[in-house]
Amino acid sequence: MEASGAEHVCVVTWCLLCGVISVVGNTAVLLAASLYRAIRLDKIAVILITNLALADLAMALSVILPTSGAAMYKKWLYGDVICIVTNYIESFLSTASILLLCALNVTKLTSLLFPFRARTRTKRTGYRIAGGIWTLSFIPIIPDLIFPRDISFDSTVFRCDAAGLKHVDKWLDPIKSTLLVFVPLGIISISTIWLIFFVHKVRGLQKQSVITSILISLVFMASFVPFGIILVLGENFDIQNPYHMGCYKVALFAPFLNFMANPVIYLVSITSFREFLVKKVLKVKGWSNRDNLSMSRELSMSRVSSQNVLSSLKRTNALRQSSVISTDVLKTDV
């Protein structure tokens with residue numbers, strides 16, 4: 001079922017919008033966190049946010065933007081090898097993003113429940129958590145490497161998709177869905193609800209970190225609602241049904257929202273990151289304002305000096321007049 005004209009335009013626009021905002025936003029997050037230390041939260045949160053931004057940026061460059069090009073021309077432009085690689089990369093990065101978000105929520109929740117124990121955490125702890133997550137993210141790729149699949153371009157959704165192996169997928173899909181979708185969604189949902197109760201109990205940077213975790217989690221859960229519907233349909237999913245197929249297409253493109261929304265969430269919820277961006281964006285304008293300010297100061301100084309000259313002339317004339325009057329009075333007395 002090929003996409004209609006309006007649907008095609010919506011897909012291209014959505015992919016380009018998500019790709020561009022994700023690249024620009026996540027690059028700014030990485031620069032702010034790594035080079036300028038402009039994200040001032042607890043150490044573990046900063047490390048996990050940095051790794052999440054790295055995964056989002058890689059997803060935008062390797063999946064979202066190539067998909068936008070394929071959707072624009074309605075064909076795969078990058079060769080069969082890249083088609084296979086992007087399919088593996090998408091699985092790897094999607095898993096990493098989900099697990100990093102789980103770790104962000106769990107570490108934040110445990111730091112609030114056990115504050116004294118959280119103080120003993122160091123940057124090394126955060127790096128170990130992130131490294132373990134990147135390692136675990138390879139697990140979904142291993143079955144595909146053991147049981148090679150035919151990966152080809154699907155023109156209906158403008159994506160490279162792997163052909164299913166019924167004798168393998170029959171037992172593999174439930175395991176992957178449970179470990180990579182249901183369990184992480186459960187952890188994220190429970191921890192998010194729990195964190196909501198702490199919003200009014202914390203202050204300062206701690207509150208900013210809690211709000212950041214909550215907003216990222218809510219966007220993530222909303223983007224996976226169509227995918228959840230597909231899982232619920234299960235064997236009842238009918239590719240000929242336009243409603244089922246429409247839900248399937250939305251389920252494929254809705255997760256792009258996460259990679260675009262995360263930098264925007266940081267901009268809204270993290271004060272130090274917002275101030276950093278404002279300072280950098282307005283830097284050029286600040287220099288022009290400084291030049292205008294110096295010019296206005298010079299003008300004001302010239303005005304003040306001219307006013308001083310006029311006032312001194314007026315005083316001189318007044319003194320002359322008073323001296324003339326006093327001499328006339330003396331002459332009259334004499």
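Let's start at phenylalanine 273. Setting aside neighbours within four places in sequence, this residue is in contact with Ala28, Val29, Ala32, Ala38, Ile39, Pro263, Tyr266 and Leu267. Keep in mind that what you see is a predicted model.

Phe273 also belongs to the largest nonpolar core, which has 61 residues. Along with Ile39, Phe256 and Tyr266, Phe273 touches the most other members of that core. Who supplies the residues? Several helices give at least two each, including H1 (5-34), H3 (79-113), H8 (204-223) and H12 (271-281). The biggest giver is H2, with 15 residues. Apart from this core lies another one, of eight residues, and among them are Leu109, Phe198, Val199 and Val202.

Now let's step back to the whole chain. You'll find 13 helices and two strands here. Of the 334 residues, 39% are buried. If we take contacts between residues at least 6 apart in sequence, 77% of them join residues at least 24 apart. The accessible surface comes to about 19,400 Å², and carbon and sulfur atoms account for 68% of that.

On to the charged pairs. As a general point, side chains of opposite charge can pair when their charged atoms come close. How many salt bridges are there in this model? The count is three, so let me walk you through them.

Here is one: lysine 249 with glutamate 7, where the closest N and O atoms are 2.8 Å apart. Lysine 249 sits in helix H10 (residues 242-253) and glutamate 7 in helix H1, so this pair links parts of the chain 242 residues apart. Is lysine 249 buried or exposed? Lysine 249 counts as buried because its relative accessibility is 9%, under the 20% cut-off. Glutamate 7, at 27%, is partly exposed.

Next, lysine 108 pairs with aspartate 42, and their closest N and O atoms are 2.7 Å apart. Lysine 108 is buried at 2% relative accessibility, and aspartate 42 is partly exposed at 31%.

Then there is glutamate 90 with arginine 159, with closest N and O atoms 2.1 Å apart. This pair joins helix H3 to strand S2 (residues 159-162), across 69 residues of sequence. Glutamate 90 counts as buried at 18%, and arginine 159 counts as buried too, at 6%.

Let's go back to lysine 249 for a moment. Phenylalanine 227 is 22 residues from lysine 249 in sequence, and their C-alpha atoms are 9.5 Å apart. Phenylalanine 227 lies in helix H9 (residues 225-233) and is partly exposed, at 27%. Not counting residues up to four places away, Phe227 touches Val181 and Ala251.

Serine 269, in helix H11, is worth a look as well. This serine is buried, with a relative accessible area of 9%. What does its side chain reach at 2.8 Å? That would be the backbone oxygen of isoleucine 265. The side chain of serine 269 also makes a polar contact with the side chain of threonine 212, at 2.7 Å.

Let me finish on the surface. Leu16, Met72, Tyr73, Leu77, Tyr78 and Ile82 form a nonpolar patch there, with about 530 Å² of accessible area together. One of them, methionine 72, is found in helix H2 and is partly exposed at 38% relative accessibility.

Technical notes: Residues numbered from 1 in each chain as written. Predicted model: local features only at pLDDT ≥ 70, side-chain atom pairs only at ≥ 80, totals over all residues. Heavy atoms only, no water. Helix = DSSP H or I, 4+ residues; strand = E, 2+ residues; numbered from the N terminus. Buried < 20%, exposed > 50% of the residue type's maximum accessible area, 1.4 Å probe, protein only. Contact = heavy atoms within 4.5 Å. Areas by Shrake-Rupley, 256 points an atom, 1.4 Å probe, with all protein chains shown as cover. Core = buried A, V, L, I, M, F, W, Y, C linked by side-chain atoms within 4.5 Å. Patch = residues over 30% accessible without salt bridge, like charges linked within 9 Å, V, L, I, M, F, W, Y side chains within 5 Å. Salt bridge = Lys/Arg side-chain N within 4 Å of Asp/Glu carboxyl O. Polar contact = N/O pair within 3.5 Å; in protein donor to acceptor, adjacent residues only side chain to side chain.
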